[in-house]
Amino acid sequence: MEFMKEYKDKKHIVLVQSWGGQSNLSNPMEVQPIGMEPLVRNWKFFDKFMEEMEKKYPKTLFIHYKLPQEKALPGTISLEKPAIWYREFAKYCDGAICIDSSLQHILCGQLKAAVLWLETRPENFGHSFHFNIDACENDLTKEEPYFSIIQNRPAIIRYTGVEKMFEKLGPYLDEIKIK
């Protein structure tokens, strides 16, 4: 790949998708009412997580799969390529970390990804081929307000923090052997 020439010091490539499902008319990070989190597939700590990934894995190039209207992640490069291009590019990648959105479907059968599940569930929309992670810390046995039309999830989502996500991702990161 031509663009890779400027990244000769990188030994590994990992695709990431941090936001998904937004139309070009919406702002995926718009502010919600106090005390409420958006019922979307976006993990709100992805920025901080990628800052830590870049520190822990300096020999890895992180390529951000995103729509043009979505903000860039720190420590990643973004390529203006059609979605299907990434299926072919996956041959050159060591792994992928994404939310439940188009990248996990594009990669299925081609490259095993770690998929972070928030509002949606892998049983409904996922693939057992991937390393599926529940990125919420809700105790669904407690009485909490529910109104999700997609799944029996609380209206207030307690997202997994960065440190805990590294614990959950540990087996996948060990498997793909990035440095």
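H5 bends by about 55° at Leu169, and a proline, Pro171, follows within four residues. The bend at a residue is the angle between axes fitted to the seven residues ending there and the seven starting there. This is a predicted model, where local features need pLDDT of at least 70 and side-chain atom pairs count only at pLDDT 80 or more, while totals for chains, interfaces and linings use all residues. Residues are numbered from 1 along each chain as its sequence is written, and side-chain values use heavy atoms, with hydrogens and water left out.

Back to H5: the helix covers residues 162–176, which is 15 residues, and spans 19 Å from first C-alpha to last, close to the 21 Å expected at 1.5 Å a residue (the expected span is 1.5 Å times one less than the number of residues). Just after H5, Lys177 takes a positive phi of about 55°.

What does the helix hide? Its buried residues (under 20% relative accessible area, 1.4 Å probe, protein chains only) are Val162, Met165, Phe166, Leu169, Gly170, Tyr172, Leu173 and Ile176. In general, an α-helix has 3.6 residues a turn, so residues three or four places apart point the same way.

| Element | Residues |
|---|---|
| Strand S1 | 12–17 |
| Helix H1 | 46–56 |
| Strand S4 | 95–99 |
| Strand S5 | 113–117 |
| Strand S6 | 131–134 |

Now the sheet. Six strands make an open, parallel sheet in the order S3-S2-S1-S4-S5-S6; two strands pair if DSSP finds at least two bridges between them. S3 (77–78) and S6 stand at the edges with a single partner strand each, so one side of each has no neighbour in the sheet. S5 and S6 pair in the parallel sense over four bridges, and Leu116 stands opposite Ile133 in S6. H5 packs on the sheet, touching S1, S4, S5 and S6, and its direction makes about 175° with that of S6. H1 lies across S1, S2 (60–64), S4 and S5, running at about 165° to S4. Those angles run from 0 to 180 degrees between N-to-C directions, using lines fitted to C-alpha atoms, for helices over the stretch in contact.

Zooming out, the protein chain has five helices and six strands. These are DSSP runs numbered from the N terminus: helices are H or I, at least four residues, and strands E, at least two. From the N terminus on, the elements run β-α-β-β-α-β-α-β-α-β-α. Buried residues make up 46% of the 179 residues.

Conventions: Buried means under 20% relative accessible area, exposed over 50%, partly exposed in between (1.4 Å probe, protein chains only). Contact means heavy atoms within 4.5 Å.
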